Structures are given as C-alpha cells and as structure tokens.
Amino acid sequence: KAIGESMNFTRDLANEPPNILHPTELATRAGQMAKEVGLKFEALDEAKMKKLGMGSLLSVSQGSEQPGRLIVLRYTPAKAAKNAEPIALVGKAITFDTGGISLKPGEGMDAMKYDMSGGATVIGTMRAIALLKPNVPVIGIVAAAENMPDGRASRPSDIVTAMNGKTIEILNTDAEGRLVLADAVAYAEKLGATRIIDMATLTGAVIIALGDQNTGVMGNDQELVDVLIKCGKDAGEGFWQLPLSAEYSKQIKSDIADIKNIGPRGKAGTIMGAVFIQEFIDKAKWAHLDIAGTAWYDSVRPFQAKGPTGVAIRTLLNYIERSS
C-alpha cells in the first residue's frame with residue numbers, strides 16, 4: 001500500500017499542469033508530504049543557491065519568472081547501523097521545458113510538463129521510505145527549475161561556474177537537465193552521501209536507443225549498476241546499461257571552459273549527458289538513470305494507465321531494502 005500510494009503521489013505530481021506546478025509549488029507539496037510522513041525538509045531558494053555557487057542550476061532558472069528551488073528531504077532511521085553513510089537520490093525537476101533560447105518545436109511541447117518526472121520520482125520514493133522505515137539513511141535532492149526563453153535566459157555560448165568550481169560552456173540551452181543535476185549531485189556529496197543515484201528525463205537519444213521498454217543506466221561503479229539492474233528485474237522494471245569511458249568524456253571538453261554541455265551532434269547523446277554529470281561526482285559511487293523513454297506512456301497498457309508511470313520507484317526501494 002505504501003509503495004502503490006507513493007507511486008500515485010508521484011504520478012499526480014507529474015500530471016499537474018505547469019501553470020500550477022512550478023518549482024515553488026513543487027517544494028510546497030514536498031514539504032507538506034514530509035510533514036505528514038516524518039521526513040526532514042528544506043528548500044533552498046535562489047539566494048542560498050547563489051551563496052553556494054550553484055551557477056549551473058541558476059543558469060537554467062534565470063530565464064523564468066518562477067524562481068528555482070533545491071528541495072532536500074532527509075530520512076534518518078531510528079536504528080541506523082553504526083557509521084551508516086547516507087544514500088542520495090537526486091532528481092531533475094524541470095517543471096516545464098521550452099528548451100530556452102534553443103527553443104523546442106511547438107508540436108509535442110505540451111508533454112514537457114513531464115520533464116519533472118525524475119524529481120517527482122525522488123519525492124515519491126522518499127515518501128515510501130518514510131513509511132517503510134529501512135535502517136539506512138537516505139537523502140532526496142530535487143533540482144527544480146522552469147526553462148523559459150525570456151530576456152534574461154542563458155544564451156548558447158554563455159559560460160557559467162558550477163558549485164564544484166568547474167566552468168561550463170553552454171552550447172544548447174535545451175540540454176538543461178544536466179546543468180541542474182550538476183549542482184545537485186555535487187551538493188549530495190557535500191552532504192555526505194557516498195552513493196548517489198540520479199534520475200532524469202534527460203535525453204531524446206535514450207528513446208531512440210531503447211524505446212519505452214528499458215531505462216538507460218550508466219555509472220562509475222559496476223557493482224552499483226549491476227545491483228540496480230537486478231533490483232529492477234525483481235520489480236518488473238527494465239534497465240539497460242550503456243558504456244562510459246574516458247574517450248566519451250573527451251568529447252565534452254571545451255576550448256574555452258572546462259567542459260561543454262553537449263557533445264558532437266548525433267553521437268551517443270545519452271552517454272554525453274551521463275559523462276557531463278559524472279564531472280560533478282568526486283569520490284562517491286554513482287549511477288545515472290535516463291528515464292526519458294519510460295517516465296510516461298502515450299497509450300493505455302494492461303498494467304499501466306496512460307501518462308506518467310512512476311518508473312524506478314519500486315527499483316529504488318528494492319535497492320534501499322538491500323542496503324538496509
């Protein structure tokens with residue numbers, strides 16, 4: 001019941017229209033949920049994020065009248081193992097994605113209300129964790145912003161500095177999910193997480209590669225990736241590993257900054273998104289879930305209604321249970 005209701009909570013968030021569910025409203029609902037189930041809650045506003053140096057995340061929200069938020073949910077078990085190190089779940093929550101200055105085509109843009117599905121998954125998973133009470137500490141971090149094309153918006157060729165000091169050349173403002181996740185995963189590690197799992201509707205390329213049957217998974221620790229795939233299989237959710245290597249990372253090196261936010265056109269787009277996020281992981285074990293193809297269905301299936309799926313919640317809960 002706890003898992004099913006938490007999945008429906010996630011799906012309800014994803015179904016909300018973007019004029020209602022902007023970053024501030026998402027933070028409000030996360031805070032209400034946290035109070036109901038006993039999670040600690042904090043929402044960093046733009047002033048706090050600026051003080052922390054989160055120039056990458058703020059570069060996305062600056063084009064919107066709706067301010068960005070970094071939502072932090074904490075679960076601390078009553079009987080945690082001694083010296084238990086927290087696991088962090090990090091989600092992308094672009095409450096609406098126009099593409100920014102690199103504007104998306106109008107056809108199908110209405111589906112971009114679902115671009116906060118990764119963040120909604122984190123919030124729903126944290127709700128279930130609070131109810132199921134595993135004995136491992138978990139931190140949920142949601143990077144929430146709206147990507148809009150007004151006069152303050154980031155431009156292709158802008159350079160911004162992320163929380164960890166790395167400079168980023170923005171070549172495409174529609175590759176914004178990785179920009180908000182960069183500061184979010186760095187913050188997760190700052191909070192003490194030694195294992196980080198991020199999830200995002202990150203790339204159209206993963207839909208071309210895997211369709212809507214499997215979520216793309218990549219990471220810097222093979223054991224973590226293997227366990228997530230096994231947990232997904234047990235939960236009835238498919239995950240397929242894509243490779244990461246130094247050769248891929250070289251393709252996002254910039255001539256005028258440390259890195260650029262896209263790789264070569266038409267080449268390994270899903271992997272380029274992952275290696276970008278990896279640049280903001282220091283020592284933690286890390287896995288990245290690209291749920292762009294599995295976060296919602298366009299038609300009804302025998303086991304799934306049309307719309308958002310709540311994908312990865314059951315898998316993540318299986319993983320947390322294994323870690324207890």
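1. In which sense of crossing does α8 pass α11, left-handed or right-handed? In this predicted model, the crossing of α8 past α11 is right-handed. Helix α8 covers residues 222–235, and the angle at which α8 and α11 pack is about 120°, with their axes 8 Å apart.

2. Helix α8 contributes Leu224, Val227, Leu228, Lys230, Cys231, Gly232, Asp234 and Ala235, which meet Arg314, Thr315, Asn318, Tyr319 and Arg322 of α11. By class, the contact of α8 with α11 comprises six nonpolar, three polar and four charged residues.

3. Helix α11 (residues 313–323) also packs with helix α5 (residues 117–132), at an angle of about 45° and with the axes 10 Å apart. This angle makes α5 oblique to α11. The crossing of α5 past α11 is right-handed. From α5, the contact draws on Thr121, Thr125, Ala128, Ile129 and Leu132, and from α11 on Ile313, Leu316, Leu317 and Ile320. Seven nonpolar and two polar residues make up the contact of α5 with α11, and no charged residues take part.

4. A separate point concerns the sheet with strand order β5-β6-β10, which is open, has three strands and shows mixed pairing. Strands β5 (159–161) and β10 (259–260) are at the edges with a single partner strand each, so one side of each lacks a neighbour in the sheet. Strand β6 (residues 167–169) is paired with β5 in the antiparallel sense, over three bridges. Within this part of the sheet, Thr161 has Thr167 of β6 as its bridge partner.

5. Helix α10 (residues 269–278) is mostly covered, with eight of its ten residues buried. The buried residues of α10 are Thr270, Ile271, Met272, Gly273, Ala274, Val275, Phe276 and Ile277.

6. Ser245 may be considered together with Ile271 of that helix. Ser245 lies in the loop that runs between β9 (238–241) and α9 (246–250). Its relative accessibility is 31%, so Ser245 counts as partly exposed, whereas Ile271 is buried. The two residues, Ser245 and Ile271, are separated by 26 residues in sequence, and their C-alpha atoms are 9.4 Å apart in space.

Definitions and conventions. Residues are numbered from 1 along each chain as its sequence is written. This is a predicted model: local features need pLDDT of at least 70, side-chain atom pairs count only at pLDDT 80 or more; totals for chains, interfaces and linings use all residues. Side-chain values use heavy atoms; hydrogens and water are left out. Two strands pair if DSSP finds at least two bridges between them. Helices (H or I, at least four residues) and strands (E, at least two) are DSSP runs, numbered from the N terminus. Axes are lines fitted to C-alpha atoms, for helices over the stretch in contact, and angles run from 0 to 180 degrees between N-to-C directions. Angles under 35 degrees count as roughly parallel, over 145 as roughly antiparallel, 65 to 115 as roughly perpendicular and the rest as oblique. A crossing is left-handed if the near helix is turned anticlockwise from the far one by less than a right angle, and right-handed if clockwise. Contact means heavy atoms within 4.5 Å. Ala, Val, Leu, Ile, Met, Phe, Trp, Tyr, Cys and Pro count as nonpolar, Asp, Glu, Lys and Arg as charged, and the others, Gly among them, as polar. Buried means under 20% relative accessible area, exposed over 50%, partly exposed in between (1.4 Å probe, protein chains only).
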